[in-house]
Amino acid sequence: MEELYQLGIKEASELLSSGEISPEELLEAVLKRIDEVEDKVKAFVTVTKDEAYKRLEELKSADSTTPLYAIPLAIKDNICIKGVRTTCSSKILENFIPPYESTVTERLNNKGYVLVGKTNLDEFAMGSSTENSGFFTTRNPWNTDCVPGGSSGGSAAAVAAGECIGAIGSDTGGSIRQPAAFCGVVGMKPTYGRVSRYGLVAFASSLDQIGPITKSVYDAAVLLNVISGHDHRDSTSAPVEVPDYTETLKENIKGLRLGVPKEYFIEGLDREVEDSVKEALKVLQELGCVVKEISLPHTGYAVATYYILATSEASSNLARYDGVKYGFRAESKELLQMYQETRAQGFGAEVKRRIMLGTYALSAGYYDAYYRKAQQVRTLIKNDFDEAFKEVDIIVTPTTPTPAFRIGEKVSDPLQMYLNDIFTISVNLAGGPAISVPCGFSSEGLPIGVQFIGRHFDEETVLKVAYNYERATEWHKRRAEL
Amino acid sequence: MKLSSSEVEHIAHLARLRLTEEEKELYSSQLSKILDYIEKLNELDTTEVDPTSHVIPLKNVFREDVLGESLPVDEALSNAPQREDSFYKVPKIID
């Protein structure tokens, strides 16, 4: 048998319910794995070992038939858990202990999960590599000289390294899907509005969404079942029915129409990534899907649009870190100086850069030229997807233009770093669901991901295609050696 | 588009950030480069296009105006850098 820490949610649940393993054995295997490899991977800001054992005690009197009973999960450290330090990997929140619980973790709690730790991210989820973390950089378990991607790099690396059974991340411009691709695991961004953001520390409110990072598509469906659904505490969460995704994903995909946008197969796309995605399309054709070329004509404007909208919203959202109510405060005798010093010392370079850009875009005289303009282009990008979905059911693209890059390779050039998100950003702008699934490895042994994008609130079809593809391939069975 | 050092200072003031001289220089060149890239949005004629502020068709979300639970004062103040009684304490604002 596989080591227990390598198990996914589905397999672990089966072994637990048949009594072949106990909750203690599973938790101990995961915590032991963390002890063994965390020095190399550095996925966690906080490991919650004591809380996890306490939680197992609690669970003894709980319903053991819930879908996440005794399953050890890791949560990205920008999601508030009552009484557990939540830092956003920022010095400004280094000692912040939320007095309330996010809706997502409340729902996971109700279904029996066990928290093993809070995972590292780029500070306030701003980045694609975890190199912007205010604390340390997480390593890619497949090659520790490489980044794990970001911003949910800690969650993706923890899943790939077997330091948890599954994890939760957040995705504003690709922050779940890109690290999932880089780390050879499954990562899904649900439709905007599908999952409540109550308790998620806000970055760009018109784009942020919470989703699962897992070892299989089925596991993603299990987590999505639990975390989805309307929540009165998040007025942007949608009152839309949630199907049982673990059932719908089993349907066959014969006759499904897949669109391949020609604008995604461009210069700068790594050859091995291109080949792997084309190979994936062949597999899907063999499964009965119809593949056709489509056009998303405004693709080339997505990154520029995103960096206006996301930074503008961030500059407004992050105004709350003023040293008054919570978080770090730089002592000063004068109020204005206290604000300025608190923010100067508390925020890292990338966060400051984005606050500056967003403040500029929203400042008097520039609003129409930048923010409004970007909102208009966002309409064009969304229309591209609406048009495409009249002809196809799912859009298939590479998740990233290249496999994981080396630590330090892109830090000096923010624009190059931003362009790395070119294939994931449009989906956040358009709002629909998308998943990244392992579809191959580079000659250097780094994972490659394929992205399936669906219509608004059609997670069912996205998961169905991903599940059928996964069952026809072996990529998801490989494990990183550490 | 080149951002001048005084523009960078103005933005930093609006954002309540104190920047070092090195940061001012760095951000002036990096932000100028990013703004140059963003210029490409002007290739598109958007005069007839409605802006999208929200991607799903949700309008005003109302609820009944009834009293709910709220955070107890001590918990709300539990992360305060400085407090006095049931208040956040800050440096003097008015002389």
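I began with A:Cys164, which is buried at a relative accessible area of 0% (buried is under 20%, exposed over 50%, partly exposed in between; 1.4 Å probe, protein chains only). The model is predicted, so I kept to its thresholds: local features need pLDDT of at least 70, side-chain atom pairs count only at pLDDT 80 or more, and totals for chains, interfaces and linings use all residues. Residues are numbered from 1 along each chain as its sequence is written, chains are lettered from A and ligands numbered from 1 in the order written, and side-chain values use heavy atoms, with hydrogens and water left out.

**Cysteines.** I looked for disulfides, taken as pairs of cysteine sulfur atoms within 2.5 Å. The count over all chains is 0. A:Cys164 is in no disulfide, and the nearest cysteine sulfur, in A:Cys183, is 11 Å away. For A:Cys88 the closest cysteine sulfur is that of A:Cys80, at 7.3 Å, too far for a bond. A:Cys88 is also buried, with a relative accessible area of 0%.

**Helix H3 of chain A.** I read helices (H or I, at least four residues) and strands (E, at least two) as DSSP runs numbered from the N terminus. In H3, residues 49-59, I found A:Ala52, A:Arg55, A:Leu56 and A:Leu59 buried. They cover an arc of only 105° around the axis, so they sit on the same side of H3(A); the arc is that of the directions from the helix axis to the C-beta atoms. A:Asp50, A:Lys54 and A:Glu58 are exposed on the other side of H3(A).

**A:Gly408.** I placed A:Gly408 in the loop between strand E9 (394-398) and helix H14 (414-419) of chain A. A:Gly408 is partly exposed, at a relative accessible area of 37%.

**Chain B.** I counted 3 helices and 2 strands in chain B, in the order α-α-α-β-β along the sequence. The radius of gyration is 23 Å, well over the 12 Å that the globule rule gives for 95 residues, so chain B is more spread out than a compact globule. That radius is taken over C-alpha atoms, and the rule is 2.2 Å times the number of residues to the power 0.38. Along its principal axes the C-alpha trace spans about 55 × 45 × 25 Å. Buried residues make up 31% of the 95 residues in chain B.
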